[in-house]
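This briefing is for a reader new to the structure. Please look at the sequence and the model before reading on.

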Amino acid sequence: MSKVTTIDHPLVQHKLSLLRDKDTGCKAFRELVYELAMLMAYEVTRDLELKEIEIETPICKTTVQTLANEKIAVIPILRAGLGMADGIMSLIPNAKVGHIGLYRNPDTLMPTGYYCKLPQDIAERETIIVDPMLATGNSGIEAIHILKENNVGSIRFVSLIAAPEGIAAMQAAHPDVDIYVAHIDEKLNEHGYIVPGLGDAGDRLFGTK
Ligand code: URA
């Protein structure tokens, strides 16, 4: 069974509370999503493997640790995931970015793929999928499926807010993928929105409502 990590750092919880407020405008919302993703990236990457290398300081030769695999890819699920990508990249500036576009049918709540562009060497990369809301889990499940079809072995999934239903669905579909969230909310409503949640993350990020 995959691991679910709730990142309960006080700064993360404070910023998440500001984000949820319906009076938080588009600019502040975008900045908060960036900051939250950056803070979460620190914990999401905590178990990346290290290897020892020899270097020379101005004083002497020494053995130090570096990332065993520096090839990392951040994969935002379009469109709301875009808001988190730069925050993660601020800690991992050499990461490549792959985009997966999934449209959620408002009646069936099932995702339909409309875009997918991944780095050519994606199979060799540690991948971090980002999507602010893990609601039904259907989009995340499909995005992970697409990465697995592309022979990706290492996948982490990061959301700001998750519904228990979405976590259960994702763990059932992909028990090998660890999930990182800032908070697990109460439930989904009949429209597939997370309660209390923060509304439509894409609309609030891009000012489309
Ligand atoms: N997507 C959102 O943007 N918000 C939700 O509450 C659920 C899915």
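The points below cover the ligand site and then the cysteines.

This is a predicted model, in which local features need pLDDT of at least 70 and side-chain atom pairs count only at pLDDT 80 or more, while totals for chains, interfaces and linings use all residues. Residues are numbered from 1 along each chain as its sequence is written, and side-chain values use heavy atoms, with hydrogens and water left out.

**Backbone atoms at the ligand**
- An oxygen atom of the ligand lies 2.8 Å from a backbone N or O atom of Ile 194.
- For Gly 199, a backbone N or O atom is 2.8 Å from a nitrogen atom of the ligand.
- At Ala 201, the distance from a backbone N or O atom to an oxygen atom of the ligand is 2.7 Å.
- Of the 240 Å² of accessible area (Shrake-Rupley method, 1.4 Å probe) that the ligand has on its own, the protein covers 88%.

**Cysteines**
- The structure holds zero disulfides, a disulfide being a pair of cysteine sulfur atoms within 2.5 Å.
- Cys 26 has 26% relative accessibility and therefore counts as partly exposed, the class between buried (under 20% relative accessible area) and exposed (over 50%), with a 1.4 Å probe and protein chains only.
- Cys 60, with a relative accessible area of 39%, is partly exposed.

Technical notes
A polar contact is a pair of N or O atoms within 3.5 Å; within protein, one must be able to donate a hydrogen and the other to accept it, and residues adjacent in sequence count only if both atoms are side-chain atoms.
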